[in-house]
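Here are my notes on this model, as numbered points. Please read them with the structure open.

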Amino acid sequence: MTGWRSRTTFVLALSASAVGLGNLWRFSYLAGEHGGAPFVIAYVVCLFLVAVPLMVAEVAIGSHGRGGPVAALRWASDRSLLSRGWMVAGWLACLTGVLIMAYYIVVAGWSLAYARYMQSGAFAAASAALVGENFSELLAQPLRQIYWQSLFLLLAATVVLFGVRRGLGLMVWLAVPCLITILAGLVKFSLDNGDLEAAREFLFGVKWIDFSPQAVLVALGHALFTLGVGVGTGISYGAYTPQRIPIGRSVLAVAVFDTMIALLAGLAIFPLVFANNMEPAMGPGLLFVSVPYAFGNLGQGELFGALFFLLVVIAALGSAVAMMEPAVRTQMQQARLRRITAVLVVSAVIWLSGAAVVLSLSPTVGGVWFGNSNMLTFLDAFTADFLLPLVSLLTAVLVGWRLRPEILRVELRRESDVFFSLWRQLLRYIAPPAIVLIMLAALFRP
């Protein structure tokens, strides 16, 4: 089976999958709202004690089974004389990735549109009210949103269509350096033109009054979300790993890179937001109102604003490709489809789901979805609070408690005995109760 050409390509691919839309605004916002520095520390602890062991487990399953999530889990179950019922975790992982993609392509489409708007000078010296009206107008035009989401999905599907080496491998070697270069330029621009002191206090100031057990759960949930655990990416990408690579150290490198990008993104956004006296609101309010207003009222803001949204698109592309590949690979193996046919099938499902999300956002078409205002918020909550933790819990129980240790030791043969032992203990005794806490917190959330 065709695989990554080198360990570096594998690390870059996992890194590109981890640095997604949420990483560019969600982490910084959560840090500011939940205690600053204590939240950052809690996030790092959760990342390395829970999310990293889970990702190592996914990659080990993929490396062992050499297939998509369903095929790899079937092979691992057979080798340990377990029920093939564990394959359901693979199907759930693929479903989760497709459901996330349904709203992911919508937000990525907005980013593509805003890169064009910024480049054309649409927000030059615009008031906050005008920028807000522009976003409301976009939400009220389903056809325009569907055009931009279709363009983004076409980019992602094209990358997946070309396969591992010509598609995924080439993309990550282009995307990650571009992402780092653009982000470095944006950070310098932000530091030169923004309120660094206010941003530093918001992101890294110690605010014990905002730090609570709930904040720790938020940090834990975001650690799982940002590393891409639970959507089958680790299994699919692990299936393409070269033999004898140090899986544990490779995933650790991805986690460090992911955290650095999140912190740099905060430094690229929030100094400008505070310099323009904008509220650091979460979600679309920050990304598509505060940020365009901030860039639009600065010299050379149109150029750097366009670069910012290009950065968002590149980051989204890496994650989108990573979420599509497990479903495509599973279709190829389970339904015996050619890659082009599998890509078309998966893309069609995602496109139709994305169109439904767009229609639900329209004030004239949208309705109420299970108590949420639209399908986007429903899918976001359903995947983050239920599906992602469920797949992660099944993975932790299977790998930590059910698979034969000698099989796992072969896949982690480049790691020390101390690392292997610590990894299994974390997977058995730390990850499952932590994931259950996330699910219970979501279930009893007011």
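1. Start with Q300. This residue is exposed, with a relative accessible area of 55%. Q300 sits in the loop between helix 13 (284-296) and helix 14. Its phi is near 60°, a positive value in a residue other than glycine. Most residues other than glycine have a negative phi. Keep in mind that this is a predicted model.

2. R66 is not a glycine, yet has a positive phi of about 50°. Look for R66 in the loop between helix 3 (37-65) and helix 4 (69-79). Is R66 buried or partly exposed? R66 counts as partly exposed, at 25% relative accessibility.

3. The largest nonpolar core holds 172 residues. Within this core, W110 and L227 touch the most other members. Which helix gives the most to this core? Helix 5 (residues 87-119) does, with 22 residues.

4. I105 also lies in helix 5. Its relative accessible area is 0%, so I105 is buried; the cut-off for buried is under 20%. I105 and L151 are 46 residues apart along the chain. Their C-alpha atoms are separated by 9.2 Å.

5. Now the salt bridges. How many are there? The count comes to eight. One of them joins D78 and R84, with the closest N and O atoms 2.9 Å apart. Both partners are partly exposed: D78 has a relative accessible area of 28%, and R84 has 48%.

6. E415 and R249 form another salt bridge, at 3.1 Å from N to O. E415 lies in the loop between helix 17 and helix 18, while R249 lies in helix 12 (residues 247-275), so the pair ties together parts that are 166 residues apart in sequence. E415 counts as buried, at 6% relative accessibility. R249 counts as partly exposed, at 39%.

7. R339 pairs with E325. The closest N and O atoms of this salt bridge are 3.2 Å apart. R339 lies in helix 15 (residues 339-361) and E325 in helix 14 (residues 301-334), so the bridge ties together parts that are 14 residues apart in sequence. Are these two residues buried or exposed? R339 and E325 are both buried.

8. One group of charges goes beyond a simple pair. Which residues are linked in a network of salt bridges? They are E197, R200 and E201.

9. Last, the surface charge. R7, R244, R413 and R414 form a positive surface patch. R414 lies in the loop between helix 17 (405-411) and helix 18 (417-443). R414 is partly exposed, with a relative accessible area of 38%. Patch members need over 30% relative accessible area and no salt bridge, so R414 at 38% clears the area cut-off.

10. For a second look, go back to two places. Check the positive phi values of R66 and Q300.

Methods: Residues numbered from 1 in each chain as written. Predicted model: local features only at pLDDT ≥ 70, side-chain atom pairs only at ≥ 80, totals over all residues. Heavy atoms only, no water. Core = buried A, V, L, I, M, F, W, Y, C linked by side-chain atoms within 4.5 Å. Buried < 20%, exposed > 50% of the residue type's maximum accessible area, 1.4 Å probe, protein only. Helix = DSSP H or I, 4+ residues; strand = E, 2+ residues; numbered from the N terminus. Patch = residues over 30% accessible without salt bridge, like charges linked within 9 Å, V, L, I, M, F, W, Y side chains within 5 Å. Areas by Shrake-Rupley, 256 points an atom, 1.4 Å probe, with all protein chains shown as cover. Salt bridge = Lys/Arg side-chain N within 4 Å of Asp/Glu carboxyl O. Lys, Arg positive; Asp, Glu negative; His and termini not counted. Charge placed at Lys NZ, Arg CZ, Asp CG, Glu CD.
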